Amino acid sequence: MKYYVVADVHGFFDEMVKALTEQGYFTDKQPHKLIICGDLFDRGTQNKEVEEFVLGLIEKDEIILIRGNHEDLITECVDKLPTYALMGTHSHHYTNGAINTIIDLTGCTFDEMRTAPEQTAAKMKQTGFYQKILPAMKNYYETQNYIFVHGWIPSIAKGFGGNADMFQYEPNWRNSDGAGWYFSRWYNGMLAAHQGVVEPNKTIVCGHWHTSFGHSNYEGKGEEFGNGEDFSPYRADGIIALDACTVHSRKVNCVILEDNDTPRKGLMQTSSATSQRSQQKTLWAARMFSLQRTPLC
């Protein structure tokens, strides 16, 4: 199977289409699928266009969707929209883009959301994003030679999510619980890979962290942001990183990979009520971590 792979579209529909067009996606007559490694929305202004495009591919079974940290942020915002609506532009969900995504996908105005947050949340839960896209999302997707994730695979990490700076390999990562995957969607995959957290005989394809980090820190190519910045795909042993920090670079990276499928699909886990309760404290800590960040990732 041929896979066209992008990540961190963040509502920049035109930039995604440009990247796919340049790679021949729309004229390819052979069987192929699009893989999006998380973060469909937020930041950009074309969230509705991205939603409609993805829904069309779901209907044709031509897309594989990985859940990103911004999907988590959106659902958290919707679940507590009355609180965040009251905070208005002072909410981290406004800065991260979730509020604007809710407005775009529901057709509500900012004032309508603030005055009727319960109704806006209910309307959001009837969108194609909630009804079809979220249920189709996976923690990871695995083929014979590749693993597709958002941030990185769950690991033994020092520090929460994006603050983690030391990583150790967790052999049983595929069976991580919801909290483990939640944290992993914030990880810097390039940093983890260079600390030896890679999957033997596989290449992990990820998004989330701007690729200029890898080019600057491991190849000596320019600054992360500034002189000589390089947002092209970053490749090293065991990793292909794709996040072009589109809000800054105005580009989306797309790579083409061909590989054999495998039985592992990395479906989102559905835990029992008891198991879910046992994870609440860890998830609460993860959410507190997200409140502290206003990431470009």
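These legends walk you through several close-up views of the structure above.

The model is predicted, so local features need pLDDT of at least 70 and side-chain atom pairs count only at pLDDT 80 or more, while totals for chains, interfaces and linings use all residues. Residues are numbered from 1 along each chain as its sequence is written, and side-chain values use heavy atoms, leaving out hydrogens and water.

**View 1. An open sheet of five strands.** Strands (E, at least two residues) and helices (H or I, at least four) are DSSP runs, numbered from the N terminus. Follow the order E4-E3-E2-E1-E12, and you will find mixed pairing; two strands pair if DSSP finds at least two bridges between them. E4 (137-138) and E12 (255-258) stand at the edges with a single partner strand each, so one side of each has no neighbour in the sheet.

**View 2. Strands E1 and E2 side by side.** E1 (residues 2-6) and E2 (residues 32-36) run parallel, joined by five bridges. Look for tyrosine 3, whose bridge partner in E2 is lysine 33.

**View 3. Strand E9 with E6 and E11.** Three bridges join E9 (residues 203-206) to E6 (residues 146-148), and the two run parallel. E9 also runs parallel to E11 (residues 239-241), again with three bridges. Valine 205 is the bridge partner of phenylalanine 148 and stands opposite isoleucine 240 in E11.

**View 4. Threonine 101 in helix H6.** H6 covers residues 98-106. Not counting residues up to four places away in sequence, threonine 101 touches Phe41, Asp42, Asn47 and Ile74, where contact means heavy atoms within 4.5 Å.
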